[in-house]
Amino acid sequence: HELLTAAGFQEVQIRPFCLLPQIAVYDLGIENLRSGDIQLAAQADLAVRSLYPEKHGEMFIAFGKKVG
C-alpha cells in the first residue's frame, strides 16, 4: 500500500486471495486443472475466507488509480 501511494497511486486497495496454502495448490497439480476445477477452488477459497475474515492467504492483488 505504501509503495503504491508513494508512486502516486490513489484509492489503493489490497485484497488477499488464495487462503489455501501454496503447497496445497501445488499438490492439486495446478498444471492439470481445468476451468471447472479452478472455479471450484475459488469457491472453496471464498467460503473459507468468509468463515475466517481475519486470515489471509499468501497472495494479494493490488488496485490503484494513477492520476495525471
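Biologist: Which pattern does the chain follow when read along the sequence?

Modeller: Helices and strands are DSSP runs, numbered from the N terminus, where a helix is a run of H or I of at least four residues and a strand a run of E of at least two. Read along the sequence, this chain follows the pattern α-β-α-α-β, which comes to three helices and two strands. This is a predicted model, in which local features need pLDDT of at least 70 and side-chain atom pairs count only at pLDDT 80 or more, while totals for chains, interfaces and linings use all residues. Residues are numbered from 1 along each chain as its sequence is written, and side-chain values use heavy atoms, with hydrogens and water left out.

Biologist: How many residues does the chain have, and what percentage of them count as buried?

Modeller: A residue is buried under 20% relative accessible area, exposed over 50% and partly exposed in between, with a 1.4 Å probe and protein chains only. Of the 68 residues in the chain, 10% count as buried.

Biologist: Which residues form a nonpolar patch on the surface?

Modeller: Patches are made of residues with over 30% relative accessible area and no salt bridge, with like charges joined within 9 Å and nonpolar side chains (Val, Leu, Ile, Met, Phe, Trp, Tyr) within 5 Å. Here the nonpolar patch is formed by Phe 17, Met 59, Ile 61 and Phe 63, with about 320 Å² of accessible area together, an area that comes from the Shrake-Rupley method with a 1.4 Å probe, where for residues only the protein chains shown count as cover. Its largest share, three residues, comes from strand 2 (residues 59–66). Ile 61 lies in strand 2 and counts as partly exposed, at 39% relative accessibility.

Biologist: How many salt bridges does a search of the whole structure find?

Modeller: A salt bridge is a side-chain nitrogen of Lys or Arg within 4 Å of a carboxyl oxygen of Asp or Glu, and the search finds one. Lys 65 forms a salt bridge with Glu 11, their closest N and O atoms being 4.0 Å apart. Because Lys 65 lies in strand 2 and Glu 11 in strand 1 (residues 9–17), the pair ties together parts that are 54 residues apart in sequence. Lys 65 is partly exposed, with a relative accessible area of 44%, whereas Glu 11 is exposed, at 57%.

Biologist: Which ring does the charged end of Lys 66 sit over?

Modeller: A charge sits over a ring if NZ of Lys or CZ of Arg is within 6 Å of the ring centre and within 35 degrees of the ring normal. The charged end of Lys 66 sits over the ring of Phe 9, 5.2 Å from its centre.
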